Amino acid sequence: MNILSPKAALITYTPDPVNVCALAARTCYSALPLDELLAKAKTDQADFLRGVIRSGHQSVLEHASFTFYVSDVSRALLAQLTRHRIASFSVQSQRYVSLSKGFDYVIPPRIAELGPEAEAKFEAQMAQMADWYREWQDAFDGDRSANEDARFVLPNACATRLTMTMNARELIHFFSLRCCNRAQWEIRTLAEQMYRLVLPIAPAIFENAGPGCVRGACPEGSRSCGKAAEVKAHYAQLAQEAARKPE
Ligand SMILES: Cc1cc2nc3c(=O)[nH]c(=O)nc-3n(C[C@H](O)[C@H](O)[C@H](O)COP(=O)(O)OP(=O)(O)OC[C@H]3O[C@@H](n4cnc5c(N)ncnc54)[C@H](O)[C@@H]3O)c2cc1C
């Protein structure tokens, strides 16, 4: 069977995100009229923006947004993702979309690693839930809200898809929490994919993003994964690779 794992596609983003954020910052610090600000924005603003970010003036990063299409993720991931309030979500509906033909689901790698028997057991459990779902749909036959109530027997493993928009400031925050080894495996996989997508587009914005330990001591304290050096090296390599590509 086709084992699902998170997929993120970058659909669109603010053109010239570095220059847009730099222009926003110059608006704060400069008396120049718009035409001169725009002329400056046509030149390389990366180092100026790096300085602004270092100074802690993070709000200018809210002017650049990134829109992703996320698929092959579980409803368990969805519950965590949508806790990020400074993001916009449009999620496939279990009310409007019938799953009468069965549903896709995510198998945790730990179950797959137990071997074919464990995997088959998990698949049988999913099939049982799909049967229960259809039973309730049939019981509500003709009722417009059949899907709405039948879905109550569906599992967290059930796959979903969504369109999500985050601004650059929120993305950096999201990466610091969800690229961390302490985050749950599925959302961590998704977060790293998203990081790899945005980093080459705007290294000046994202080159120091990633889990908290990339920027200093591990914020997890005694619950640290203990692999900060490894994680730092991994993210430093991603940033180096992105720096070699033109912004
Ligand atoms: C490893 C891990 C374990 C977790 N375990 C649990 C758990 O057991 N139970 C649970 O319920 N959740 C858990 N969470 C979710 C966590 O509590 C947050 O809800 C989630 O990470 C979103 O973070 P956030 O609120 O900082 O982000 P966002 O909602 O993206 O907000 C970004 C930032 O904006 C600011 N902000 C947003 N809204 C407000 C507001 N209303 N008031 C003031 N400032 C605001 C804050 O500075 C916030 O950090 C866990 C998260 C992680 C990473």
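Which residues are around the ligand? They are Arg83, His84, Arg85, Ile86, Glu170, His173, Leu177, Arg182 and Ala183, where a residue counts as near a molecule if its C-beta atom, placed from the backbone, lies within 6 Å of it. This is a predicted model, in which local features need pLDDT of at least 70, side-chain atom pairs count only at pLDDT 80 or more, and totals for chains, interfaces and linings use all residues. Residues are numbered from 1 along each chain as its sequence is written.

**Ligand shell**
- By class, the shell around the ligand holds four charged, three nonpolar and two polar residues.

- Leaving aside residues up to four places away in sequence, Tyr195 touches Phe175, Cys179, Phe206, Ala209 and Gly210, contact being C-beta atoms within 7 Å.

- Asp16, placed in the loop between β1 (7-13) and α1, has a positive phi near 50 degrees although the residue is not glycine.
- Asp16 counts as partly exposed because it has 17 C-beta neighbours inside 10 Å, the class between buried (20 or more) and exposed (12 or fewer).
- Asp72, in strand β2 (residues 65-74), has a positive phi of about 60 degrees and is likewise not a glycine.
- Asp72 has 19 other C-beta atoms within 10 Å and is therefore partly exposed.

Terms used. Nonpolar A, V, L, I, M, F, W, Y, C, P; charged D, E, K, R; others polar. Contact = placed C-beta atoms within 7 Å. Helix = DSSP H or I, 4+ residues; strand = E, 2+ residues; numbered from the N terminus.
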